[in-house]
Amino acid sequence: EGIPDGWEGMDCGPKSMARFRETVLASATVIWNGPAGVFEFDNFSHGTKALLEAVAETTANGNVGIIGGGDSATAAAKWDMEEKVSFVSTGGGASLELLEGKVLPGVAALDDA
């Protein structure tokens, strides 16, 4: 399977959405970075919206749902879901580096102040 040469994947399909949802709801902590499709176009927004709804649902169930990254944060804003997750950050790459234990220059400068 897969995407044939010359084609582009614009959104995920229903099976992927179901697998994402199952995984998210089974997790105590979810850190989501990156949309599941080209959500800016309604025709290709279904996967991203489904993933966002799953993160909001797991958060409502008492788990931790963190959205990191400008595109993911924009998706949360598009569907007015920022308040339905634990935390939203526009610093996706920086958030991941922080979780990896890397020293971020801006944080280091604040620590030194």
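Guide: Accessible areas here come from the Shrake-Rupley method with a 1.4 Å probe. On that basis, this predicted model exposes about 7,300 Å². Carbon and sulfur atoms supply 54% of that area.

Visitor: Why is T58 called buried?

Guide: Buried means under 20% relative accessible area. T58 has 0%, so T58 counts as buried.

Visitor: Where is T58 found, and what does T58 touch?

Guide: T58 is found in helix α2, residues 46-60. Leaving aside residues up to four places away in sequence, T58 touches V24, L25, S27, V30 and N63.

Visitor: What makes these count as contacts?

Guide: Contact means heavy atoms within 4.5 Å.

Visitor: Why is I31 called partly exposed?

Guide: Partly exposed lies between two cut-offs, 20% and 50%. I31 has 41% relative accessibility, so I31 falls between them. I31 lies in strand β1, residues 29-32.

Visitor: How many helices and strands does the protein have, and in what order do the elements run?

Guide: The protein has five helices and three strands. From the N terminus on, they run α-β-α-β-α-β-α-α.

Visitor: What share of the protein is buried?

Guide: Buried residues make up 27% of the 113 residues.

Visitor: Which charges are counted as positive and which as negative?

Guide: Lys and Arg count as positive, Asp and Glu as negative. The protein has 7 positive and 17 negative charges, and their mean positions are 8 Å apart.

Key:
Residues are numbered from 1 along each chain as its sequence is written. This is a predicted model: local features need pLDDT of at least 70, side-chain atom pairs count only at pLDDT 80 or more; totals for chains, interfaces and linings use all residues. Side-chain values use heavy atoms; hydrogens and water are left out. Helices (H or I, at least four residues) and strands (E, at least two) are DSSP runs, numbered from the N terminus. Buried means under 20% relative accessible area, exposed over 50%, partly exposed in between (1.4 Å probe, protein chains only). The place of a charge is taken as NZ of Lys, CZ of Arg, CG of Asp or CD of Glu.
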